[in-house]
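Reader: Hello! Could you take me on a close look at a single part of this model, the core and the sheet around it, with the cut-offs spelled out as you go?

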Amino acid sequence: MRTRTRWILSLATMILLGILSGCGGGGSSSSADGSPLPAKTLSWAAPESYTDNTSLNPLTDLNGFEIYVNESGSFTEADTPNAVVSAVDPATHTLTTSFNLANLAPYLSKGIAYRVSMRAVAVTGLKSDFSPPASFSF
(Lines give C-alpha, C1' and ligand atoms only; values in the text may rest on other atoms or scores of the structure.)
Protein backbone atom coordinates (compact mmCIF):
# COMPACT_ATOMS: atom_id res chain seq x y z
CA MET A 1 0.00 0.00 0.00
CA ARG A 2 1.54 3.29 -1.12
CA THR A 3 0.34 5.35 1.85
CA ARG A 4 2.10 2.93 4.16
CA THR A 5 5.47 3.84 2.62
CA ARG A 6 5.01 7.60 2.85
CA TRP A 7 6.04 9.40 6.00
CA ILE A 8 4.06 11.85 8.00
CA LEU A 9 5.70 15.18 7.45
CA SER A 10 4.05 17.66 9.65
CA LEU A 11 5.04 20.08 12.32
CA ALA A 12 5.10 17.14 14.76
CA THR A 13 7.49 14.84 12.83
CA MET A 14 9.82 16.60 10.43
CA ILE A 15 9.41 20.16 11.51
CA LEU A 16 12.04 22.70 10.85
CA LEU A 17 13.03 23.08 14.48
CA GLY A 18 14.82 26.20 15.54
CA ILE A 19 13.82 27.36 12.12
CA LEU A 20 16.89 28.61 10.44
CA SER A 21 18.66 29.96 13.47
CA GLY A 22 21.64 32.07 12.54
CA CYS A 23 24.86 31.48 14.37
CA GLY A 24 26.25 34.92 13.65
CA GLY A 25 29.77 35.61 12.52
CA GLY A 26 31.12 35.41 9.03
CA GLY A 27 31.16 32.35 6.88
CA SER A 28 33.84 31.15 4.53
CA SER A 29 31.37 30.55 1.70
CA SER A 30 30.69 33.23 -0.86
CA SER A 31 27.23 33.86 -2.25
CA ALA A 32 26.28 34.16 -5.91
CA ASP A 33 27.16 37.86 -5.73
CA GLY A 34 30.59 37.12 -4.21
CA SER A 35 29.88 38.28 -0.65
CA PRO A 36 30.36 35.88 2.28
CA LEU A 37 27.29 34.41 3.94
CA PRO A 38 26.96 33.91 7.70
CA ALA A 39 26.13 30.49 9.10
CA LYS A 40 22.40 29.75 9.10
CA THR A 41 21.39 26.39 10.54
CA LEU A 42 18.39 24.40 9.36
CA SER A 43 17.37 21.90 12.05
CA TRP A 44 14.77 19.14 11.99
CA ALA A 45 13.39 16.05 13.69
CA ALA A 46 13.23 12.89 11.61
CA PRO A 47 9.92 11.07 11.15
CA GLU A 48 9.34 8.18 13.56
CA SER A 49 6.31 6.59 11.89
CA TYR A 50 4.70 5.94 8.55
CA THR A 51 1.33 7.46 7.64
CA ASP A 52 -0.43 4.37 8.98
CA ASN A 53 1.35 4.93 12.35
CA THR A 54 3.65 1.92 11.86
CA SER A 55 6.91 2.59 13.69
CA LEU A 56 9.94 3.73 11.73
CA ASN A 57 13.52 3.67 13.00
CA PRO A 58 15.25 6.69 11.41
CA LEU A 59 18.73 5.25 12.13
CA THR A 60 18.12 2.09 10.12
CA ASP A 61 15.20 2.90 7.80
CA LEU A 62 16.32 6.26 6.41
CA ASN A 63 19.06 6.82 3.84
CA GLY A 64 19.08 10.61 3.91
CA PHE A 65 17.34 13.95 3.70
CA GLU A 66 16.90 16.09 0.60
CA ILE A 67 16.96 19.87 1.02
CA TYR A 68 15.21 22.11 -1.51
CA VAL A 69 15.56 25.89 -1.71
CA ASN A 70 13.84 28.41 -3.99
CA GLU A 71 12.18 31.81 -3.85
CA SER A 72 8.59 30.67 -4.49
CA GLY A 73 8.14 28.02 -1.80
CA SER A 74 6.51 25.73 -4.34
CA PHE A 75 8.24 22.35 -4.60
CA THR A 76 7.39 19.47 -6.95
CA GLU A 77 8.56 15.95 -7.79
CA ALA A 78 10.39 17.39 -10.81
CA ASP A 79 12.66 19.57 -8.63
CA THR A 80 16.26 18.58 -8.00
CA PRO A 81 17.42 18.88 -4.39
CA ASN A 82 19.96 21.61 -3.63
CA ALA A 83 21.62 19.34 -1.06
CA VAL A 84 21.41 15.73 0.08
CA VAL A 85 22.44 14.89 3.64
CA SER A 86 23.10 11.38 4.94
CA ALA A 87 20.56 10.33 7.58
CA VAL A 88 23.35 9.06 9.84
CA ASP A 89 26.51 11.07 10.51
CA PRO A 90 29.36 8.71 9.53
CA ALA A 91 31.71 10.21 12.14
CA THR A 92 29.40 9.94 15.16
CA HIS A 93 26.92 7.26 13.99
CA THR A 94 24.10 9.51 15.20
CA LEU A 95 21.07 10.79 13.35
CA THR A 96 21.75 13.93 11.31
CA THR A 97 19.44 16.74 12.40
CA SER A 98 20.91 19.94 10.94
CA PHE A 99 22.49 21.53 7.88
CA ASN A 100 24.25 24.89 7.41
CA LEU A 101 22.42 26.67 4.59
CA ALA A 102 25.52 28.82 3.99
CA ASN A 103 26.93 25.68 2.30
CA LEU A 104 24.59 26.55 -0.59
CA ALA A 105 26.24 29.98 -0.94
CA PRO A 106 27.12 29.68 -4.65
CA TYR A 107 23.39 29.49 -5.39
CA LEU A 108 22.14 32.12 -2.91
CA SER A 109 22.41 35.89 -2.50
CA LYS A 110 22.06 38.26 0.42
CA GLY A 111 18.80 40.18 0.76
CA ILE A 112 16.60 37.65 -1.02
CA ALA A 113 13.81 35.81 0.81
CA TYR A 114 14.15 32.07 0.20
CA ARG A 115 11.94 29.12 1.11
CA VAL A 116 13.31 25.76 2.20
CA SER A 117 11.62 22.36 2.30
CA MET A 118 12.86 18.84 3.01
CA ARG A 119 12.08 15.23 2.21
CA ALA A 120 13.13 12.06 4.00
CA VAL A 121 14.48 9.27 1.77
CA ALA A 122 14.21 5.63 2.82
CA VAL A 123 16.94 3.06 2.24
CA THR A 124 14.55 1.60 -0.36
CA GLY A 125 14.61 4.91 -2.28
CA LEU A 126 11.04 5.89 -1.41
CA LYS A 127 10.59 9.56 -0.53
CA SER A 128 8.32 11.35 1.90
CA ASP A 129 6.13 14.31 1.07
CA PHE A 130 7.75 17.75 1.19
CA SER A 131 7.85 19.37 4.60
CA PRO A 132 5.99 22.67 4.97
CA PRO A 133 8.30 25.39 3.60
CA ALA A 134 10.06 27.76 5.97
CA SER A 135 11.41 31.21 5.05
CA PHE A 136 14.94 32.51 5.49
CA SER A 137 17.31 35.11 4.13
CA PHE A 138 20.90 36.17 4.63
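**The core and its sheet**

Author: Happy to! The largest nonpolar core has 24 residues, and among them Ile-67, Val-69 and Leu-101 touch the most other members. A nonpolar core here is a set of buried Ala, Val, Leu, Ile, Met, Phe, Trp, Tyr and Cys residues joined through side-chain atoms within 4.5 Å. Buried means under 20% relative accessible area, exposed over 50%, and partly exposed in between, using a 1.4 Å probe and protein chains only. The elements that give two or more residues to this core are β3, β4, β6 and β7; strands are DSSP runs of E with at least two residues, and helices are runs of H or I with at least four, numbered from the N terminus.

Please keep in mind that this is a predicted model, in which local features need pLDDT of at least 70 and side-chain atom pairs count only at pLDDT 80 or more, while totals for chains, interfaces and linings use all residues. Residues are numbered from 1 along each chain as its sequence is written, and side-chain values use heavy atoms, with hydrogens and water left out.

Now to the sheet. Four strands form an open sheet in the order β4-β3-β6-β7, with antiparallel pairing; two strands pair if DSSP finds at least two bridges between them. At the edges are β4 (83-86) and β7 (134-136), each of which pairs on one side only. From one strand to the next, the twist averages 30°, taken between axes that are lines fitted to C-alpha atoms (for helices over the stretch in contact), with angles running from 0 to 180 degrees between N-to-C directions.

Strand β3 (residues 62-70) is joined to the antiparallel β4 by 4 bridges. Within this pairing, Ile-67 stands opposite Ala-83, and Glu-66 is opposite Val-84.

The structure holds 6 aromatic pairs, where rings of Phe, Tyr and Trp (its six-membered ring) pair if their centres lie within 6.5 Å; planes under 30 degrees apart count as stacked, over 60 as edge-to-face and the rest as tilted. Tyr-68 and Phe-130 are edge-to-face because their ring centres are 5.0 Å apart and their planes lie at 70°. Since Tyr-68 is in strand β3 and Phe-130 in the loop between β6 and β7, this pair ties together parts that are 62 residues apart in sequence. Tyr-68 has a relative accessible area of 2%, so this residue is buried. Another edge-to-face pair is formed by Phe-136 and Phe-138, at 5.7 Å centre to centre and 90° between the planes, and both of these residues are buried. Tyr-68, Phe-75 and Phe-130 form one aromatic cluster.

Two of these rings have a charge over them. Arg-119 lies over the face of Phe-130, at 4.4 Å from the ring centre, and the charged end of Lys-40 sits over the ring of Phe-138, 5.8 Å from its centre. The criterion is that NZ of Lys or CZ of Arg is within 6 Å of the ring centre and within 35 degrees of the ring normal.

Phe-138 leads on to one more residue: its C-alpha atom is 7.3 Å from that of Ser-109, 29 residues away along the chain. Ser-109 is found in the loop between β5 and β6 and is buried because its relative accessible area is 16%.
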